[in-house]
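Please study the sequence and the structure, and then work through each solution in order.

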Amino acid sequence: MSNKVNRAQQWRLFWSSFIGFTIIFVLLGVIVFVLFRRTILTSVDQTLRVERSARLAGPPRQTTAQRPFGQNNHQSLQQQHKAIHPFMTTTLIFNRNGKILNQGQLGSRYETLKNITLDTSQKGQLHTITVNGKYNFRTLLVKVPATNADRTVAGRYLLILENIDPQKAAMRTFTKVMLITMGVFWLLSILMSVWMSRLTMRPILRSWGRQTEFVGNAAHELRTPLTIIQNKLELLLTKPNDKIIDQAENIAIASSESQRLQKLTQDLLALARSDSNTLQTNFEKTQVASFLDHTVEPYTEIAASQGKKLVLAPVPEFVVTLDQNLIHQLMNILIDNAMKYSPQGSTITVSAKPLGRKWQLVVADQGIGIKSADRQRIFDRFYRVDSSRSRKTGGNGLGLSIANWIVSLHHGTIVAKENQPHGTQFVTTLPVTPNSSLGSRREKKG
Ligand code: ADP
């Protein structure tokens, strides 16, 4: 089921990025194409306008098409003529009825150009026309005033034409190149979209997997004490006439399992909070020596009751910023573990010292120790080196993950090391002033 949801989500991500890429490519292509076309036509249109100005300027002049070879031209007209493309610009002179009047000057071109009809509604406008299905021209229709000095064109219509076949060919080549390039990039965008959707889904899938595993483990852990309690209660119900003393052992087991259940739910709650980043932290300046005195003292009695010794090594006077509740919880986890995994008669030592801008808190025991292969994994949720032993001691494998989370809230690190001659040392290194918690204030994480 979850796989299906994830796959659907991955498809959705793929399609959204693919469609996004396609839209970007199409827009880019259209913009480049339009700009290219416009740039090409702009220079042609400029030529047509220059020709129009020249025509309307007054003194009679002739384009190449109209000029018989060998005829002398006025010097200034020649210069004016240089401004345009002399071999590509042609002018048709129409009378009011649409008849071409300069047939003679057009020479052999007349055969092709005679098919062009006059459309007076296009006066003053630029157009692109195709003649005989193969010649392309850019045209500008001009109505010459009757007062024009050049009597051959006065009161007539001039259709100034510029052949744009080379431009059209360039545009076709450009379009082909662009379509191929865009096609290649479009195909690449499919690969990019697959890659991006996978990349985006990877952390989601990872946390989904972790969450599913966490919920599964939590359910499993909750089921065991609940089943024991239920069995014990059902057993008591079958013996309604027994005295409490007769069933003291069963009641004690049910009671210890319910305590276990309570601890487990507290731990689960803490981890759920750590996942949602909604914990309110309260960082405050703290005298480490007196804080550790307070925190460790209650455990010395518990340790003594178990035949173990808990010692707080002399702590130098220094002040750090920390969340007292959270560090208290951290100490609780570490001391509790040290006692759980050490034999009677052993000593557990708590020590602290400043280290420049950091400080170190060490809980060392002379217990069973942790194999180096397990030293990393013990911080994983529900990880226990020896589950049956840990169950007997009331462990659920969540303590050190909570410890790790508390330390990371303080921007510190925690590692398990070997203690000499045997046992384990949990070394916690914390900044004297965690950056995100300068001063004493209440803040909401997340
Ligand atoms: P638990 O509730 O099972 O103790 P933790 O997360 O606190 O869970 O610890 C994970 C595992 O790490 C434990 O099951 C135990 O195997 C190992 N461990 C933790 N602290 C110690 C220690 N002081 N000495 C030896 N093993 C330890």
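Two strands pair if DSSP finds at least two bridges between them; strands (E, at least two residues) and helices (H or I, at least four) are DSSP runs, numbered from the N terminus. The model is predicted, so that local features need pLDDT of at least 70, side-chain atom pairs count only at pLDDT 80 or more, and totals for chains, interfaces and linings use all residues. Residues are numbered from 1 along each chain as its sequence is written, and side-chain values use heavy atoms, with hydrogens and water left out.

**Exercise 1.** Determine how strand 1 and strand 3 each pair with strand 4.

Solution. 
- Step 1: Strand 1 (residues 89-94) pairs with strand 4 in the antiparallel sense, over six bridges. Here T89 stands opposite E162 of strand 4.
- Step 2: Strand 3 (residues 135-143) is also antiparallel to strand 4, with seven bridges. Within strand 4, N163 is the bridge partner of F137.

**Exercise 2.** Decide whether the faces of strand 4 are covered or open.

Solution. 
- Step 1: Buried means under 20% relative accessible area, exposed over 50%, and partly exposed in between (1.4 Å probe, protein chains only).
- Step 2: In strand 4 (residues 157-163), seven of seven residues are buried.
- Step 3: Y157, L159, L161 and N163 lie on one side and L158, I160 and E162 on the other, and both faces are covered.

**Exercise 3.** Classify the lining of the second largest pocket.

Solution. 
- Step 1: Ala, Val, Leu, Ile, Met, Phe, Trp, Tyr, Cys and Pro count as nonpolar, Asp, Glu, Lys and Arg as charged, and the others, Gly among them, as polar.
- Step 2: The lining has five nonpolar, six polar and five charged residues.
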